[in-house]
Amino acid sequence: RSHLLLMIRIVRVNIETHQQLQGKILMCDLAGSERLKRSMVEGDMQKEAIEINKSLTALGDVIEALSSGKSHVPYKNHKL
């Protein structure tokens with residue numbers, strides 16, 4: 001399972017004034033949070049579910065740091 005981050009940048013230029021208007025949108029598709037009690041998985045599947053949850057938490061920490069303008073972004077907290 002994997003996550004997907006997609007950033008789309010749009011730049012509009014007025015031909016007459018050469019004035020630019022810029023915008024961007026960030027879309028995030030997460031692999032899915034796994035609830036161990038509900039999924040009732042065991043063994044390797046349980047380990048995978050635990051790792052998915054850890055990676056989602058790490059991804060959330062990165063997004064939070066980027067969106068709030070923090071000076072440190074914890075990119076290396078997980079092998080995402």
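Me: Which segment holds His72?
Reply: This is a predicted model. Helix α2 covers residues 44-68. His72 lies in the segment after α2.

Me: Is His72 buried or exposed?
Reply: The relative accessibility of His72 is 57%. Exposed means over 50%. His72 therefore counts as exposed.

Me: How many Å separate His72 and Val13, C-alpha to C-alpha?
Reply: In sequence, His72 and Val13 are 59 residues apart. In space, the C-alpha to C-alpha distance between His72 and Val13 is 34 Å.

Me: And how many Å separate Val41 and His72, C-alpha to C-alpha?
Reply: Along the sequence, Val41 and His72 are 31 residues apart. Their C-alpha to C-alpha distance is 36 Å.

Me: Where is Val41 placed?
Reply: Helix α1 covers residues 36-39, and helix α2 covers 44-68. The place of Val41 is in the loop between α1 and α2.

Me: Is Val41 buried or exposed?
Reply: Val41 has a relative accessibility of 19%. The cut-off for buried is under 20%. Val41 therefore counts as buried.

Me: Which strand is Val11 found in?
Reply: The strand in question runs over residues 4-13. Val11 is found in β1.

Me: Why does Val11 count as partly exposed?
Reply: Buried means under 20%, exposed over 50%, and partly exposed lies in between. Val11 is partly exposed because its relative accessible area is 48%.

Me: Which residues does Val11 touch, not counting those up to four places away in sequence?
Reply: Strand β1 holds Val11, and strand β2 covers 20-29. Beyond the excluded places in sequence, Val11 touches Gln20, Leu21 and Gln22.

Me: How many Å separate the C-alpha atoms of Val11 and Lys24?
Reply: Along the chain, Val11 and Lys24 are 13 residues apart. Their C-alpha atoms are separated by 8.7 Å.

Me: What is phi of His18 near?
Reply: His18 sits in the loop between β1 and β2. Its phi is positive, in a residue other than glycine. Most residues other than glycine have a negative phi. For His18, phi is near 60°.

Me: Is His18 buried or exposed?
Reply: The relative accessible area of His18 is 61%. Over 50% means exposed. So His18 is exposed.

Me: What pattern does the protein follow along the sequence?
Reply: The protein has 2 helices and 2 strands. Read along the sequence, the pattern is β-β-α-α.

Me: Which element has the lowest mean pLDDT?
Reply: The protein averages a pLDDT of 85, and 91% of the residues score at least 70. Strand β1 has the highest mean among the elements, at 93. The lowest mean is 75, in helix α1.

Me: What radius of gyration does the protein have?
Reply: The C-alpha trace spans about 65 × 25 × 20 Å along its principal axes. A compact globule of 80 residues would have a radius of gyration near 12 Å. The protein has 19 Å.

Conventions: Residues are numbered from 1 along each chain as its sequence is written. This is a predicted model: local features need pLDDT of at least 70, side-chain atom pairs count only at pLDDT 80 or more; totals for chains, interfaces and linings use all residues. Side-chain values use heavy atoms; hydrogens and water are left out. Helices (H or I, at least four residues) and strands (E, at least two) are DSSP runs, numbered from the N terminus. Buried means under 20% relative accessible area, exposed over 50%, partly exposed in between (1.4 Å probe, protein chains only). Contact means heavy atoms within 4.5 Å. pLDDT is the predictor's confidence in each residue, from 0 to 100. The radius of gyration is taken over C-alpha atoms; the globule rule is 2.2 Å times the number of residues to the power 0.38.
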